[in-house]
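Trainee: Could you take me through one part of this model slowly, as if I were seeing a fold up close for the first time?

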Amino acid sequence: MKVLLLNGTRGERPDPTAELISKICRQKLTKNQHTIEEIKLCEKKITECVGCFGCWVKTPGICVIPDESREMARSVINSDLLITLSPITFGGYSSELKKAMDRLLPLISPFFMKIKGEIHHQTRYESYPKLLNIGILPEANHEMADIFRNLGERNAINLHSPRFRCGIVLHTQKPEEIRNHLSQLLKEVCA
Amino acid sequence: MNVLLLIGSPKVKQSNSETLGDYLLQRLSKNGAATQKIFIRQTLHDAGEMEKLLSAVDACDVLIFSFPLYVDSLPAGLIKVLETIAESRQRLENPPPQTLLTICNCGFPEAKHNETALAIFKCFAKETNLQWAGGLSLGGGEMLGGKPLSALGGMAKNQIKALNMAAEAITEGKNLPQEAVNFFRKSLIPKWLYLICGSIGWKYQAMKNGVYRKMREQPYK
């Protein structure tokens, strides 16, 4: 299985918990014969989506902004599992991760379809990666955790992910707890 | 009363977020408020402009964000602004009482898609000691075409009614009334018509750009 990890940790704030999560994911997945590529978004030149819809009506499937998001989008659609990692920011993603997620618009089609009674966009490709969202919180916060889970579920619908799992990791958790939690999540999402 | 409107859309022209925010701002101005509007896109890569935004946030009584839904949430640039405001407000020892409200519009016909984005703003309000006055949510925002609401005939009558109610409530220091929220989320046109218009619109734009036959291409496979 090809796995892509989008690391949305903010560059100016090194986060030991995020580093631990990234390390555990790489170890567990490699051990199980999966290949994993990690993109540290703060090191990439990816600018904000400008909402021009050029990726739908000018250069279909490719963003009109020629930066590193194009290669990232290629990696996303050619992976079997997409893992996102981000500090939970007011319940949502960090601006660093969101910058990347916004630039995935070329992967879907402008045309509409109905999913569970709601309107969403049609697929552009035959298959899409499964999605595992991992969010980091300084301490337990049910309100933010609920919003984060909900956001991931909505993303999984719009990105046509065949399976979705969400993990919340706290800075206060012991490494062994984090390891067990991630192990279970990866088992479920890779199954 | 000082009111600051922050436009969260990265678009330079035909911004529906600006259309909706402008109408509310004009109503508040008529009620005697001093108003100011800032485009967040101008602050993202300009430290001086960001400083001006932070000073304007500190100086206002009412803060309004009008923004489009991007991938089930706020546009990335707007999250960056929220992160910066939150960091800046941590330095305030006694933040003055300030009110926050939001206007969110999305390209899906159902306003329900905006719920997560509004929950994020409610959370932001709590984290930054702003008083959450509520959020207005609109589906099918593309139909506004970036035109002033008054130029849209009867199409935006419910949104105009809602924004009028919102302006009165804000002027009186109250939260957004539920009635305003309900009026605002009413569809601009019937859902079936929106879907047809959407489909024709995309095809027309692609045709103009000479890529109609390439619309379903899969360049990365």
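**A close look at the sheet in chain B**

Mentor: Let's begin with one pair of residues: B:Ile103 has B:Leu136, in strand 5 of chain B, as its bridge partner. Keep in mind that this is a predicted model. In general, strands of a sheet pair through backbone hydrogen bonds, and they can do so parallel or antiparallel.

Now zoom out a bit. Chain B has an open sheet of 5 strands, with parallel pairing, and the order across it is 2-1-3-4-5. Strand 2 (34–39) and strand 5 (131–138) of chain B sit at the edges with a single partner strand each, so one side of each has no neighbour in the sheet. From one strand to the next, the twist averages 15°.

What lies across this sheet? Helix 4 (residues 115–127) of chain B lies across strand 3 (62–68), strand 4 and strand 5 of chain B, and the helix runs at about 165° to strand 5.

As a rule, nonpolar side chains in soluble globular proteins tend to be buried together.

Definitions and conventions: Residues are numbered from 1 along each chain as its sequence is written. Chains are lettered from A and ligands numbered from 1 in the order in which they are written. This is a predicted model: local features need pLDDT of at least 70, side-chain atom pairs count only at pLDDT 80 or more; totals for chains, interfaces and linings use all residues. Two strands pair if DSSP finds at least two bridges between them. Helices (H or I, at least four residues) and strands (E, at least two) are DSSP runs, numbered from the N terminus. Axes are lines fitted to C-alpha atoms, for helices over the stretch in contact, and angles run from 0 to 180 degrees between N-to-C directions. Two residues are in contact if their C-beta atoms, placed from the backbone, lie within 7 Å.
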